[in-house]
Amino acid sequence: MTAPNSSSAQQGGFDFKPVFRVLRQVGFWLVIVFILIYTLFPFYWAFNTSLKGENEVIATATWFARDPSFNNYQAVLGNEKFIRGLFNSTLVAGGSTILSLVIGSFAAYALGRLQFRGRVVMMYAVLAMTMFPQISILSGLFSIVSDLGLFGSLGSLIVTYPLITLPFTVWTLTTFFKGLPGELEQAALVDGATGFQTFYMILLPLTAPALVTTGLLAFISAWNEYLFALTFTTINPSAQTVPVAIALFTGQVQRQEPVAEIMAASVLVTLPLIVLVLYFQRRIVEGLTAGAVKG
């Protein structure tokens, strides 16, 4: 039996298949180009602005810097507060990420592998925690941090940031623990392993892609956090993280906002995250696609 379109082509009719194929390819690449421009344009504009002088920044906007230079980068890298902010952000983001992964792994194992009453309610409670805006819990945290004697220290941020990173860490890791085959756990228990040994020697290594993915997301979230950092380090500038340090650039130049230096600092702050994503690219892809195909 001959297909209708083939029949029409043989009868001299116009075959639209090649035209549709070309239009589909053109539409696909137009969408790709649009997504690239939409996502990369802010970063390009920040980089373009960072190459300009202050006089050129306040003039009519141009697509390219007329006299590009790296003077703003030299000024930012010579700023002691910015360098100290980078160091503080690394400590705070790294510490809160490790804390979230350790606590989140135990919680996810319990929620994903163990059966107990109230498990589903706890999972939805964890999910609900991701929906609370930061400002709604800020006053309560302020009192707790003050009572603990951590106000104005890096410890206040390391302790409070898991409130942001821990819920989605637990929720994501629970999904991965659920997907692990139960035969592995049973075989380890038959061989004499304890429940804790089965957890950290058998199951935890299998969730390495998920740990990398969630850990990186937690690190980025903590690295970019601004509200808690501004509130809890107000009395101690030496404990401020890099987002706060960049925001306070406005107070370092009299009667003029250093837009170009702020853009240069923003580009420099973004670079470590790009390096991390590129370095762990393979693990991230494995983590995002794990469980998508069942064997």
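Please keep in mind throughout that the model is predicted.

I begin with helix H11, which runs over residues 195-206. Which residues of H11 are buried? They are Thr-198, Phe-199 and Leu-203. Because these residues cover an arc of only 95° around the axis, they lie on the same side of H11. Their packing partners are three helices: H5 (80-113), H9 (162-179) and H10 (182-190).

H11 also takes part in a feature of the surface. A nonpolar patch there has about 980 Å² of accessible area in total. Among its members are Ile-98, Leu-99, Val-102, Ile-103 and Phe-106, together with Leu-184, Phe-196, Tyr-200, Met-201, Ile-202 and Leu-206. Which elements give two or more residues to this patch? Those elements are H5 and H11. To take one member, Ile-98 is found in helix H5. Its relative accessible area is 55%, and since exposed means over 50%, Ile-98 qualifies as exposed.

As a general point, side chains of opposite charge can pair when their charged atoms come close. How many salt bridges does the count give? The count comes to one salt bridge. It joins Arg-84 to Glu-80, with 3.5 Å between the closest N and O atoms. Both residues belong to helix H5 and are four residues apart, about one turn of the helix. In an α-helix there are 3.6 residues a turn, so residues three or four places apart point the same way. The two partners may also be described by their accessibility. Arg-84 is partly exposed, at a relative accessible area of 26%, whereas Glu-80 is exposed, at 60%.

Finally, I turn to a loop. Ala-65 is situated between helix H3 (54-58) and helix H4 (71-77). Is Ala-65 buried or exposed? With a relative accessibility of 13%, Ala-65 counts as buried, because the cut-off for buried is under 20%. Setting aside neighbours within four places in sequence, the contacts of Ala-65 are Asn-48, Leu-51, Lys-52 and Glu-56. A further distance concerns Ser-50: it and Ala-65 are 15 residues apart in sequence, with 9.0 Å from C-alpha to C-alpha.

Technical notes:
Residues numbered from 1 in each chain as written. Predicted model: local features only at pLDDT ≥ 70, side-chain atom pairs only at ≥ 80, totals over all residues. Heavy atoms only, no water. Expected span 1.5 Å × (residues − 1). Buried < 20%, exposed > 50% of the residue type's maximum accessible area, 1.4 Å probe, protein only. Arc of directions from axis to C-beta. Contact = heavy atoms within 4.5 Å. Patch = residues over 30% accessible without salt bridge, like charges linked within 9 Å, V, L, I, M, F, W, Y side chains within 5 Å. Areas by Shrake-Rupley, 256 points an atom, 1.4 Å probe, with all protein chains shown as cover. Salt bridge = Lys/Arg side-chain N within 4 Å of Asp/Glu carboxyl O.
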